[in-house]
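Open the model in your viewer and keep the selection tool at hand. The stops below are meant to be taken in order.

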Amino acid sequence: MTTGRNTVRDTEQDGDGLQDDRAATNIRWSRGRQTPTVDPVTSENDAPQPDTDTATDPSASEAHPDAIFADPRLAACYDTFDGERDDLDHYESILEELGARTVVDVGCGTGALAVRLAAAGLSVTGVDPALASLEVAHTKPGAGRVDWIHGTAVDLPALDPPLGADAAVMTGNVAQVFVTDEAWAATLTAIRAAVREGGHLVFEARRPERRAWEEWQAETAESVHEVPGLGQVRSRPTRFDVDLPLVTFADEFFFEDGSTLTSTSTLRWRSETELRDSLTAAGFAVQEIRDAPDRPGREFVVIARAA
Ligand SMILES: C[S@@+](CC[C@H](N)C(=O)[O-])C[C@H]1O[C@@H](n2cnc3c(N)ncnc32)[C@H](O)[C@@H]1O
């Protein structure tokens, strides 16, 4: 999915499966830390919003994650759709290079990186507004070593004691869900507050000049996946709007039980200059912009230091 695209709008049962039962799973709150009072997730909060609404709210803490991350049936598909996560090897080695021991994974999703880092002995906090994705993360081996927070980066500065992380990461092009400049700035400023002086932010974003959306637009065929616990899940693209720097696309998903879900999402492309300027404004100094070895020429892999 790091080079593909995927999100969801629930067509059949609005709010279906988005039940929040904090008591049932203990994934939302970090061990031993006071966490901010985030509004309980009810179906309204977590129901998919109009497609350009992913992260338009300036406070960003009111994020409405796309249902592919927030709908339990589709969150369960994420790891299968994404396949081998060789894209994460690079982040592990960069964090090692930086000597990071405490890491916050912003937009951690189903926790693929967070559990890997925790297994390697790092102290990891994973934060994501999509409860269903956190519930998938929580089922993974070693998930108990991670502090899972149901929220967004904007909730991090309120943590007590403060995180003071050595590094923050955003993988899987999380950076592109922040459609507005306000939401992006609010997220970067919050991450800056959650990282210690001299700490780092490492994230990726697709290079606009690579025009990845043209490849996606050409992908009209139906795809079929065998998803554990769900059986065969078919999906096909149903909509594509390019209104740069925004690209909106929709896919429809077909489940074995006859139910379908239509997904819609909007992603934002930012130029290198926009990324550099927004990082500087949030108190980071860009140390380096690298290539993603598993996706050569496609991504900015940004390493920024908390100035
Ligand atoms: C493409 S997934 C990437 C997940 C994970 N980082 C990975 O590499 O597998 C994008 C993630 O961003 C999350 N997200 C959406 N809006 C967000 C926001 N405002 N703040 C933080 N994360 C957000 C989604 O819930 C989803 O889990």
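Select helix H5, residues 87-98, together with helix H6, residues 112-119. In this predicted model, the two helices pack with their axes 11 Å apart, at an angle of about 40°.

Next, select the ligand and its surroundings. How many residues surround the ligand? There are 17, and the closest are Tyr-78, Arg-85, Gly-107, Asp-128 and Thr-171. By type, the shell consists of ten nonpolar, five polar and two charged residues.

Now show the side chains of three of these residues. Tyr-78 has a polar side-chain atom 2.9 Å from an oxygen atom of the ligand. For Arg-85, the distance from a polar side-chain atom to a ligand oxygen is 2.7 Å. Thr-171 also places a polar side-chain atom 2.7 Å from an oxygen atom of the ligand. On its own the ligand has 590 Å² of accessible area, and the protein covers 96% of that.

The last stops are in loops. Most residues other than glycine have a negative phi, and most peptide bonds are trans.

Select Pro-161, in the loop between strand E3 (147-150) and strand E4 (165-170). The peptide bond joining Asp-160 to Pro-161 is cis, with omega about 0°.

Go on to the loop between E4 and helix H8 (181-194), where Asn-173 is placed. Asn-173 is not a glycine, yet its phi is positive, about 55°.

Finish at Pro-245, in the loop between strand E7 (231-243) and strand E8 (246-254). A cis peptide bond links Leu-244 and Pro-245, and omega there is about 10°.

Conventions
Residues are numbered from 1 along each chain as its sequence is written. This is a predicted model: local features need pLDDT of at least 70, side-chain atom pairs count only at pLDDT 80 or more; totals for chains, interfaces and linings use all residues. Side-chain values use heavy atoms; hydrogens and water are left out. A residue is near a molecule or strand if one of its heavy atoms lies within 4 Å of it. A polar contact is a pair of N or O atoms within 3.5 Å; within protein, one must be able to donate a hydrogen and the other to accept it, and residues adjacent in sequence count only if both atoms are side-chain atoms. Accessible areas come from the Shrake-Rupley method with a 1.4 Å probe; for residues, only the protein chains shown count as cover. Ala, Val, Leu, Ile, Met, Phe, Trp, Tyr, Cys and Pro count as nonpolar, Asp, Glu, Lys and Arg as charged, and the others, Gly among them, as polar. Axes are lines fitted to C-alpha atoms, for helices over the stretch in contact, and angles run from 0 to 180 degrees between N-to-C directions. Helices (H or I, at least four residues) and strands (E, at least two) are DSSP runs, numbered from the N terminus.
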